[in-house]
Amino acid sequence: MVALNPGYHEHLTSAATALVERVGAGAEICDLGCGSGASTRALLRAGAGSVLGIDASPGMLARARRQDWPAGVRFTTGRAEHLDRLLDEQDAQPDGVYACYLFRNLAPDDRDRVLRTVHDRLPPGGWLVVQDYSVQEPWPRRVWSLVCWAVVIPLARLLLGDTSLYRYLWRSGFEFDPPAVFCDRLAAAGFSDIAHRTAGGWQRGILHTFVARRAQDSHARRAQDSHARRAQDSHPRKPL
């Protein structure tokens with residue numbers, strides 16, 4: 001079904017490049033929610049040195065493991081909510097974390113917990129890149145519904161015989177955080193240098209990429225008081 005979106009791999013690579021440019025070529029990356037390995041491949045194309053792919057689906061990881069990978073790529077099964085333990089088990093110390101199409105699938109409280117864990121496990125100066133669907137404005141909502149119900153869901157019925165996953169995809173795009181809300185979550189988790197951009201073309205206002213950094217002098221999460229949040233809301237986020 002990925003073939004239905006010709007820009008899918010291009011967007012993955014763009015997000016991977018945004019991360020590797022910040023942490024440096026050859027860095028160790030955690031690919032959180034790696035699925036069948038398309039995002040892992042994008043990280044390697046962008047110049048990552050080693051990648052730990054984590055996904056909750058044994059079936060998706062089985063597909064990933066059947067592919068040929070260079071030394072330095074490994075996969076483990078687990079949920080993002082258990083990231084702290086999974087990194088310890090794999091003796092991983094990532095310079096950056098890459099999470100594409102993951103946070104939309106987490107409950108709101110779990111989004112906050114996972115972001116705090118990512119922040120605390122990154123080294124000072126480490127970066128997080130998140131890419132996901134969030135469809136909030138009227139025109140993107142119409143486009144999203146048209147693409148899902150006129151193309152994606154009928155093809156899923158024809159090719160797979162089951163449309164439940166793609167009906168969930170359609171619904172979850174509406175239900176995920178608006179970009180400003182997700183930026184606030186990043187700030188509350190302690191991240192700085194937060195930036196956001198949306199994709200171009202038909203996915204403008206639909207697909208979004210976020211980058212955020214653990215501050216160089218950050219040794220613990222910085223709680224956001226009400227004054228800081230009001231000041232944050234009064235200034236637009238800088239673009240990527």
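1. In this predicted model, helix α6 (residues 138-159) and helix α7 (residues 164-175) have axes that come within 9 Å and cross at roughly 170°. Since angles over 145 degrees count as roughly antiparallel, α6 is therefore roughly antiparallel to α7.

2. On the α6 side, the contact is made by R141, W144, S145, C148, W149, V152, I153 and A156. On the α7 side, Y166, R167, L169, W170, G173 and F174 take part. By class, this contact of α6 with α7 has 10 nonpolar, 2 polar and 2 charged residues.

3. The largest pocket has a volume of about 1,300 Å³. Its lining has 41 residues, and Y8, M60, Y101, R104 and L165 lie nearest the centre of the pocket. Divided by class, the lining has 27 nonpolar, 9 polar and 5 charged residues.

4. Which elements each supply at least two residues of that lining? They are α1 (8-23), α2 (38-46), β2 (50-55), α3 (58-65), α6 and α7. Helix α6 gives the most, with 5 residues.

5. As to confidence, the mean pLDDT of the protein is 90, and 88% of its residues reach 70 or more. Over residues 218-231, however, pLDDT stays under 50. For residues 218-231 the model has 20 contacts beyond four places in sequence. Where pLDDT is low, predicted coordinates should not be read in detail.

How values were computed:
Residues numbered from 1 in each chain as written. Predicted model: local features only at pLDDT ≥ 70, side-chain atom pairs only at ≥ 80, totals over all residues. Heavy atoms only, no water. Axes fitted to C-alpha atoms, helices over the stretch in contact; angles between N-to-C directions. Helix = DSSP H or I, 4+ residues; strand = E, 2+ residues; numbered from the N terminus. Parallel < 35°, antiparallel > 145°, perpendicular 65-115°, else oblique. Contact = heavy atoms within 4.5 Å. Nonpolar A, V, L, I, M, F, W, Y, C, P; charged D, E, K, R; others polar. pLDDT = per-residue confidence, 0-100. 1 Å grid on protein atoms, 1.4 Å probe; cavity = no way out; pocket = protein on both sides within 12 Å on 5 of 7 lines; lining within 4 Å. Points joined across faces, edges and corners; volume = space filled by probe spheres on them.
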